[in-house]
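Let's take a walk through a protein model together. Have the sequence and the 3D view open, and look up each residue as we get to it.

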Number of protein chains: 2
Amino acid sequence: MAKIKKINHIAIAVKDVEESLKFWRDAMGLQVDHIEDVPSQKSEVVFIPVGDSEVELVKPTSPDTGVAKFIEERGGGMHHLCFEVDNIDEMLNQLKEKGVRLINEIALELPGRKMAFVHPKSTNGVLVELYEVL
Amino acid sequence: MAKIKKINHIAIAVKDVEESLKFWRDAMGLQVDHIEDVPSQKSEVVFIPVGDSEVELVKPTSPDTGVAKFIEERGGGMHHLCFEVDNIDEMLNQLKEKGVRLINEIALELPGRKMAFVHPKSTNGVLVELYEVL
């Protein structure tokens, strides 16, 4: 059975990076590791380590992304929850066997990592990301 | 300056504990530490350790709670994000100085812990809980 190692990150959808940093960095005192433009996800992402996890502030750079639609509907907030697993292929098979609805039936392979999303219909409304470090 | 130590937990609002465990425990393979009736919060809470954090499944036991209203509006999902701090009184002062809107201006003291909520208006729409272990 595949194992969940930890919460890799919690993604928070934000409209404006500098505005959001007034709370997360300036008021809460969290340290920003780095800010990255992620063209594949049409987003600018602020990586903020917290304990053995991260908070990621995600600002869409295009209106046609899921995060942009989420902001349009809700104004922002927690968008998805990412768990790091030891074996993502095994985990996806395990979820399929249990009848869990997946957004990605097969993990997407990117340099250094594999990832897949689970459908909120099967998770009490939480968009769950699974992530394996290669 | 007060320091955030880690993510203490992510609270997920659920309608039905047994139904929700089909995903989190049976499919994802996470271990339930314990299930607790929390009369002060009119909730039943499932504590699921993940790495150095926890996922908490919160099922309201009364319709007049914030979590019950959240479920009514959205069907469920991530309800709040709790950070463990080394000194909650110092953190609340620090947030007030920065103009952050608080739900609890003064930390609530409970056996073994102090806690306070920050208003989502100041946090990009995230209901943030602060928590100090005494």
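Which residue just after H3(B) takes a positive phi? That would be Gly99(B), with a phi of about 80 degrees. Keep in mind as you look around that this is a predicted model.

**A helix with a hidden face**

Stay with helix H3 of chain B, which covers residues 88-97. At its N-terminal end sits a cap, Asn87(B), and a side-chain oxygen of this residue lies 3.2 Å from the backbone nitrogen of Asp89(B). Inside the helix, Ile88(B), Met91(B), Leu92(B), Gln94(B) and Leu95(B) are buried. Look down the axis of H3(B) and you'll see that these buried residues fall within an arc of 160 degrees, so they line one face of the helix.

What covers that face? From chain B, the cover includes strands S1 (4-13), S5 (77-85), S7 (113-118) and S8 (128-133).

Now try a pair of residues in chain B. Is Asn8(B) buried or exposed? Its relative accessibility is 12%, and since buried means under 20%, Asn8(B) counts as buried. You'll find Asn8(B) in strand S1 of chain B. Leaving out residues up to four places away in sequence, Asn8(B) touches Ser53(B), Glu54(B), Cys82(B), Phe83(B), Glu84(B) and Tyr131(B).

Glu109(B) sits in strand S6 (residues 108-110) of chain B. With a relative accessible area of 58%, Glu109(B) is exposed. Again not counting residues up to four places away in sequence, Glu109(B) touches Lys114(B) and Leu134(B). Its C-alpha atom and that of Val67(B), 42 residues away along the chain, are separated by 21 Å.

**Where the chains meet**

How many residues of chain B are in contact with chain A? There are 43, and they meet 43 residues of chain A. The size of an interface is often given as the accessible area lost when the parts come together. Here, chain B and chain A bury about 3,200 Å² between them, with 74% of it on carbon and sulfur atoms. On the chain B side, Met28(B), Met78(B) and Asn124(B) lose the most area to chain A, together 22% of what that side buries.

As for polar links across this interface, there are zero salt bridges, but seven residue pairs are in polar contact. The elements of chain B that give two or more residues to this side are S1, helix H1 (17-27), strand S4 (53-60), S5, H3 and S8. S1(B) provides the largest share, seven residues.

**Rings that pair up**

Over all chains, the whole structure has four aromatic pairs. One of them is Trp24(A) with Phe83(B), an edge-to-face pair at 6.0 Å centre to centre and 65 degrees between the planes. Trp24(A) lies in helix H1 of chain A and Phe83(B) in strand S5 of chain B, so the pair joins two chains. Both Trp24(A) and Phe83(B) are buried.

Phe23(B) and Trp24(B) have ring centres 4.8 Å apart and planes at 80 degrees, so this pair is edge-to-face. Phe23(B) and Trp24(B) are buried as well. There's also a cluster, in which ring pairs link Phe23(A), Trp24(A) and Phe83(B).

**Charged partners**

Side chains of opposite charge can pair when their charged atoms come close. The whole structure has 12 salt bridges over all chains, including these:

| Salt bridge | N to O distance |
|---|---|
| Lys22(A) and Glu19(A) | 3.3 Å |
| Lys22(B) and Glu19(B) | 3.3 Å |
| Arg25(B) and Asp26(B) | 2.7 Å |

Arg25(B) is partly exposed at 32% relative accessible area, and Asp26(B) is partly exposed at 28%. Over in chain A, salt bridges that share partners join Glu18(A), Arg25(A) and Asp26(A) into one network.

How far apart in helix H1 of chain B are Lys22(B) and Glu19(B)? They are three residues apart, about one turn of the helix. Lys22(B) is partly exposed at 49% relative accessibility, and Glu19(B) is partly exposed at 46%. In helix H1 of chain A, Lys22(A) and Glu19(A) are likewise three residues apart, or about one helical turn.

Definitions and conventions
Residues are numbered from 1 along each chain as its sequence is written. Chains are lettered from A and ligands numbered from 1 in the order in which they are written. This is a predicted model: local features need pLDDT of at least 70, side-chain atom pairs count only at pLDDT 80 or more; totals for chains, interfaces and linings use all residues. Side-chain values use heavy atoms; hydrogens and water are left out. Helices (H or I, at least four residues) and strands (E, at least two) are DSSP runs, numbered from the N terminus. Buried means under 20% relative accessible area, exposed over 50%, partly exposed in between (1.4 Å probe, protein chains only). Contact means heavy atoms within 4.5 Å. The arc is that of the directions from the helix axis to the C-beta atoms. A polar contact is a pair of N or O atoms within 3.5 Å; within protein, one must be able to donate a hydrogen and the other to accept it, and residues adjacent in sequence count only if both atoms are side-chain atoms. Rings of Phe, Tyr and Trp (its six-membered ring) pair if their centres lie within 6.5 Å; planes under 30 degrees apart count as stacked, over 60 as edge-to-face and the rest as tilted. Buried area is the accessible area (1.4 Å probe) that two parts lose on being put together, summed over both. A salt bridge is a side-chain nitrogen of Lys or Arg within 4 Å of a carboxyl oxygen of Asp or Glu.
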